[in-house]
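I opened this notebook to keep track of what I looked up in one structure. The entries follow the order in which I went through it.

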6 protein chains.
Amino acid sequence: MLEAEPGAVRLADMTWMEFARRVSEDDPIVFLPIGATEQHGPHLPLSTDVILPESIALRVAERLGGIVAPSLAYGYKSQPKTGGGNHFPGTLSLNAATLVALMRDIINELARHGVRRIVLFDGHMENQWFITEAADLALTDQRREGVTDLKIVKLGYWEFITPATEAILFPDGLISWALEHAAVMETSVMLHLRPDLVNETAIPDNPPAEFPLFDPYPFDLRPIPPDGVLSSAASASAEKGRAVVEQVVPDIAAALARHFECSPAGAEG
Amino acid sequence: MLEAEPGAVRLADMTWMEFARRVSEDDPIVFLPIGATEQHGPHLPLSTDVILPESIALRVAERLGGIVAPSLAYGYKSQPKTGGGNHFPGTLSLNAATLVALMRDIINELARHGVRRIVLFDGHMENQWFITEAADLALTDQRREGVTDLKIVKLGYWEFITPATEAILFPDGLISWALEHAAVMETSVMLHLRPDLVNETAIPDNPPAEFPLFDPYPFDLRPIPPDGVLSSAASASAEKGRAVVEQVVPDIAAALARHFECSPAGAEG
Amino acid sequence: MLEAEPGAVRLADMTWMEFARRVSEDDPIVFLPIGATEQHGPHLPLSTDVILPESIALRVAERLGGIVAPSLAYGYKSQPKTGGGNHFPGTLSLNAATLVALMRDIINELARHGVRRIVLFDGHMENQWFITEAADLALTDQRREGVTDLKIVKLGYWEFITPATEAILFPDGLISWALEHAAVMETSVMLHLRPDLVNETAIPDNPPAEFPLFDPYPFDLRPIPPDGVLSSAASASAEKGRAVVEQVVPDIAAALARHFECSPAGAEG
Amino acid sequence: MLEAEPGAVRLADMTWMEFARRVSEDDPIVFLPIGATEQHGPHLPLSTDVILPESIALRVAERLGGIVAPSLAYGYKSQPKTGGGNHFPGTLSLNAATLVALMRDIINELARHGVRRIVLFDGHMENQWFITEAADLALTDQRREGVTDLKIVKLGYWEFITPATEAILFPDGLISWALEHAAVMETSVMLHLRPDLVNETAIPDNPPAEFPLFDPYPFDLRPIPPDGVLSSAASASAEKGRAVVEQVVPDIAAALARHFECSPAGAEG
Amino acid sequence: MLEAEPGAVRLADMTWMEFARRVSEDDPIVFLPIGATEQHGPHLPLSTDVILPESIALRVAERLGGIVAPSLAYGYKSQPKTGGGNHFPGTLSLNAATLVALMRDIINELARHGVRRIVLFDGHMENQWFITEAADLALTDQRREGVTDLKIVKLGYWEFITPATEAILFPDGLISWALEHAAVMETSVMLHLRPDLVNETAIPDNPPAEFPLFDPYPFDLRPIPPDGVLSSAASASAEKGRAVVEQVVPDIAAALARHFECSPAGAEG
Amino acid sequence: MLEAEPGAVRLADMTWMEFARRVSEDDPIVFLPIGATEQHGPHLPLSTDVILPESIALRVAERLGGIVAPSLAYGYKSQPKTGGGNHFPGTLSLNAATLVALMRDIINELARHGVRRIVLFDGHMENQWFITEAADLALTDQRREGVTDLKIVKLGYWEFITPATEAILFPDGLISWALEHAAVMETSVMLHLRPDLVNETAIPDNPPAEFPLFDPYPFDLRPIPPDGVLSSAASASAEKGRAVVEQVVPDIAAALARHFECSPAGAEG
């Protein structure tokens, strides 16, 4: 299958007239990548959680004739068990109310211009429940505007990794997805998509972090690896990253096509 | 071990003088059970997610000389994959901002009166991230009041169920904790703690619900079981419920004792 | 008249199916008791302002075939002239915005499930104006949802005490309802309803507190009785408490029946 | 006693340099009149609740060397039992959150410029509890700014009317202060202070309004007098108005002088 | 043209019945003057930004049969380049959220009573964008109430000064409108309208302030004139003030008449 | 002067360790570009107001050893006189409260990690006053955290265009900066920086838009050019764009160097 030009899917690159035409003619799915500016160890950039969902969303959108809105680069507060924690320098997080308001406003604006199919495309586990709240509040807003046919999907791309891909990533078995922050999966996908931003000499080989069954605030720093990587990334590779992308992109596209009842561009390929 | 009278641990039952004395003399851990008013199938009451954390928190508090504040009976919006969903009648949920404000205010009030060790004791999965936000905001508030020694713990009691107890609950294997809403575990614990509120003739035997890998808003009602129970509760029993309670109570108490560096009341027993 | 089982009126005890049936068949009045966790002297528990409205609301609801939703255990900030003040340990109060949001959300949720008759049943004088605001905002919310037949009542049970009952409570004359915090009326009703929670040996015999005609912030602690009781509770008795309950319950039921145009269950008795 | 020029007390009339000098030299009490734009029957203007507290505050401030900040002309939502209700045209009310924010900001601004003694001078009963909230929140704000010596007073001028003045106003006895909206007291004081704004030919002679013991929302319009006056104003007179002003002004000044430990200007007269 | 009595246009002076009649019969334009309590040098009062828009709005309203609602006396935070800055004593400013909420509530209240033409009449440059936000949010509110014919105008009276009037004010040429805070224009108009509040002996003759091209926070106090006047006011005169008022009043009236399609009262003069 | 690699200045590209080192060693200025997703005529992309400030901020930051944080791609609501208006499809705007919260959170996060010099680098005129509010609120937040040495600058790059550059852009004279939306200046800079995103065949040659002196809400669409370009862009060229960039970049760098008392990297070149 021949992929379309990425430029054709970015809302940022369109004129308002192109956007207007697309919305009125195609009823396109609009994707909003929602990331974070968050520590990702000594080897990955602070924007890892933006690059991954944006890159994957672009590929999915191409297959579905969708549009990708500008990514949200700031997300919810990093937590020790899923991101190492908010105390790492450079981790710039939003209060929950801010993040919810931001997503809610954007959904409402898209709906105001006639968009009726929106995918909130998450790249940062900590964002999940605030995405839910934004979607719920925006649906209420739209209902009060008389809009009752808006459909929103919340989605974390990692949820679509199949057991087969998991076996490629972790031939010796996955310890836990919760510990995969800045570890094998994310490092591999970054090596595939943006090798220029990976410091390969600094890829850590940490043992899996061990956390208590509860969450203390302020954070107890003792169980958190000092470099912020929750398990070993040593076995990461661009090939593994390619395997992830090549599996999740069509699978997400197919799932969304079914949900929104549209046909992916590659369906006939 | 002889358990203390429940009455001795409920803040609601104390006079202000008793509370004042306890705080100044004992530096007690104060527990805030955080539940929900949420559908729990045709056999369990709408208050299931309040009864369970409150009952378990009381037992843990007794062991640690702690105090249990009045429970929060309204929680975050029920979601299909973890609670069946907000559309079931009787499910009375709060907006995220409301729930966060409520918990934040209570933490600040406890801290104002000198409490320095607080456990946010969750009984409803949907509450988790909003508890995190409330704890974070209250710590900021307290820091600005000059209080720097406040320690907060967020805890879901179900996280403490060990593999051994899991084996008792699910001799044929657990399908997924995510599907345990109103199913074997919750029904069993209710049969143990509050059999008067369980309609045993109505316990359902649903197959496991199957959800897509993403979350649609508005909810897609098709994969949601019509009675709201996400998998079979048929094998529930009071004995299983007792096993859960008798295992998690001491384990939670021990974990908190380590974290807060206090000794559980039963330690010397 | 034979009173119905309390269990039949508590929303918390119902399954969602029972609630759904009740709402669709009976158009029931739903009561929301709104209390406080507030000092009540050396003899009454911190939950006095929850117990009283909840207990009375349950009795009223039984007569009207109503439903009582889980009580709000945290209320607005205790004030010197009506509650002794917020500085007493154990008094855990909410900011106005939090309390308003909490009530507004619950009203909206009840309306979402089809409830059209709601009684905000107050047990704490300081809550009054925030109840008004919540009712007003929720009516606006519902109007924007297209719901125009929602009826809300705000009610303080103490407003229904008749001169005759007042004469029973205060044979020598009432000094002022404003000073009745933790005094004769509340102590008597607690002795009637929950004697197990009253420390009879500690019932104070304070002279009436004298406050200036204005309110200073921060509080001027000098006119506030050190135990928080604003006048003497020495003449309290369970009999007086019974007299209050037995008078206000039918009177509130009758007033609500007239307002909502339904017949109390005991009308034909 | 010779009263000072009103011009000398209005913050609005001062240059910033005069204000700066006054604050640094005199530590003046700053009064904030808090009113409403609310129906006051067929004979009194919509600004009655602004004129009364502003006029009285100016007189009190003159005696105490105080300063009167610009009045708040919009207040909380008019209620049937105290103001006839928010449905009367021209009644322009604020949401609670708006009114609280407005007062909180002004208190904080005064404190920022060094003011340490503030009187929130209410002219509209419905404002009372929101004034309390604003004062409480501003004290928290200031505490976090390191300001711990700010003193705030909340005051309704009508609370200071003595039994002797009451006897002048109501020779046949007061029915209820709650029914005095746009009735004898307010009409009399307006006749004394601003006769140009009173339509004497339209002064109503309504019987006392009779309300139920609860508050319905939406309002039940039946018990509300169609002209919005809750009892008869027929016996109002400028002389009665003068009696009120001449009594409450020195009494309020004296009470505040005691509270703030300053001497009223007329003390030595 | 004979101007009507100012008293006939002030909402504050009307009874609710007059207001009701006016709205139902005339569909009047309602003006909301939006000012500030802000330093205006050693010679002008803190209320200058309230007096000017209120006075001009009254004159415009008279010509259009409009109504002037009570002015907002507190505005957005004074900035160095347009007002000298928020640090000058007596400058009492609101947070943006407060100011927006205040205006939004008032617009919504006017609309609730049937007003459909509103002019937000600004007297303080710093208010501008917050007026925009309030208008936008209120239109959304009203749309959700089913009101779709509300028309709002935002207007700064100074925008209407023509080159001819500018030549009268500044025979040697205007340096910059941005520097006109408390300078020739405002001082002249105050000398015309309220000479009693101008301290003529203190009118400053400052050189034009010079600011950098950016805005530093906290303010850099060095480029700010110590008396707060951004350029010379020495050439101010009552005649110049009269020229401004006599030009802008009819011009604003004519512009609004065209926009709202009504005829100014003086049109036939 | 040899410019540094752009990659060295993007916070997004750094690991947390690089960021931590930079902050602790260099006390770098951190730039936050604040843009909009807003119509820019038939020839420029919706992201024009993001590309311009980000590109210029990167060049300024290189000269000052600064760091550029991820840009904000969504800004305040487009207005007719400065941006054509919010009704053009693809214009995705935030409510004021959302935008303020977003910037406030990011400033607070930078300050939390030790940054003390922040430039809020605006690319969209409508953002200006909300940037002011965010800076003011964040300074209050930081003061309450005990941070008193935070310095923030608000800056619009277009303010730095000198008369000499203006003469290059507009040899026949500038009509008004207010009409330069999507016109000569922005088109020229885009032709210089991102010619791939300019549709040169669609560059419009509109006459200058003429607006009334006030702002109507809802917008009056009649004076707004149907393609959203407020004046002619026909004379735009990459050379003009280069002239703008080559002038404003060193000028902004020099101004910031003076303000923050650091030396630009190219100073010694």
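Entry 1, chains apart. I took contact to mean heavy atoms within 4.5 Å. By that rule chain C and chain F do not touch, and their nearest C-alpha atoms are 17 Å apart. I found that chain A and chain D do not touch either, with nearest C-alpha atoms 17 Å apart. I note here that the model is predicted.

Entry 2, chain A against chain F. I asked how many residues the contact takes from chain A and from chain F. The contact takes 47 residues from chain A and 47 residues from chain F. I then looked up the area buried between chain A and chain F, which is about 3,700 Å², with carbon and sulfur atoms giving 66% of it. On the side of chain A, the residues that lose the most area to chain F are A:Trp16, A:Tyr74 and A:Leu92, together 19% of what that side buries.

I looked for charged pairs between chain A and chain F, and the count is 0 salt bridges. For polar contact I found 22 residue pairs across the interface of chain A and chain F, both residues at pLDDT 80 or more. Next I went through the elements: helix 1 (16-26), strand 4 (93-94) and helix 4 (96-112) of chain A each supply at least two residues of the side that touches chain F. Helix 4 of chain A gives the largest share of that side, 8 residues. By residue type, the side of chain A that touches chain F divides into 27 nonpolar, 15 polar and 5 charged.

Entry 3, chain D against chain C. I counted 32 residues of chain D in contact with 33 residues of chain C. The area buried between chain D and chain C is about 2,900 Å², and carbon and sulfur atoms give 66% of it. Which three residues supply more of the area that chain D buries against chain C than any other three? They are D:Trp129, D:Phe214 and D:Tyr217, which supply 28%.

Between chain D and chain C I noted 4 salt bridges. I looked up D:Lys77, which forms a salt bridge with C:Asp136, the closest N and O atoms being 2.7 Å apart. The count of residue pairs in polar contact between chain D and chain C is 14, both residues at pLDDT 80 or more. The elements of chain D that each supply at least two residues of the side touching chain C include helix 4 (96-112), helix 5 (128-144) and helix 8 (238-260). Helix 5 of chain D gives the most to that side, with 8 residues. I sorted the side of chain D that touches chain C by type and got 19 nonpolar, 5 polar and 8 charged.

Over all chains the count comes to 96 salt bridges. I picked out B:Lys77 and A:Glu133, whose side chains meet in a salt bridge at 2.8 Å, N to O. This pair crosses between chains, from the loop between strand 3 (75-76) and helix 3 (80-83) of chain B to helix 5 (residues 128-144) of chain A. Are B:Lys77 and A:Glu133 buried or exposed? I found B:Lys77 buried, and A:Glu133 is buried too.

I then looked at F:Glu145, which forms a salt bridge with B:Arg143, the closest N and O atoms being 2.8 Å apart. F:Glu145 lies in the loop between helix 5 (128-144) and strand 4 (151-156) of chain F, and B:Arg143 lies in helix 5 of chain B, so the pair joins two chains. F:Glu145 is partly exposed, with a relative accessible area of 27%, and B:Arg143 is partly exposed at 39%.

I also noted a network of salt bridges that links A:Arg104, A:Asp141, A:Glu145, E:Arg143 and E:Arg144.

The side chains of C:Asp141 and C:Arg104 meet in a salt bridge at 2.7 Å, N to O. C:Asp141 lies in helix 5 of chain C and C:Arg104 in helix 4 (residues 96-112) of chain C, so the pair ties together parts that are 37 residues apart in sequence. C:Asp141 counts as buried at 7% relative accessibility, while C:Arg104 counts as partly exposed at 28%.

I checked the length of helix 5 (residues 128-144) of chain C. At 1.5 Å a residue its 17 residues should span 24 Å, and the end C-alpha atoms are 25 Å apart, which agrees. Helix 5 of chain C is mostly covered, with 14 of its 17 residues buried. After helix 5 of chain C comes C:Gly146, whose phi is positive, near 90°.

Note on methods:
Residues are numbered from 1 along each chain as its sequence is written. Chains are lettered from A and ligands numbered from 1 in the order in which they are written. This is a predicted model: local features need pLDDT of at least 70, side-chain atom pairs count only at pLDDT 80 or more; totals for chains, interfaces and linings use all residues. Side-chain values use heavy atoms; hydrogens and water are left out. Helices (H or I, at least four residues) and strands (E, at least two) are DSSP runs, numbered from the N terminus. The expected span of a helix is 1.5 Å times one less than its number of residues. Buried means under 20% relative accessible area, exposed over 50%, partly exposed in between (1.4 Å probe, protein chains only). Buried area is the accessible area (1.4 Å probe) that two parts lose on being put together, summed over both. A polar contact is a pair of N or O atoms within 3.5 Å; within protein, one must be able to donate a hydrogen and the other to accept it, and residues adjacent in sequence count only if both atoms are side-chain atoms. Ala, Val, Leu, Ile, Met, Phe, Trp, Tyr, Cys and Pro count as nonpolar, Asp, Glu, Lys and Arg as charged, and the others, Gly among them, as polar.
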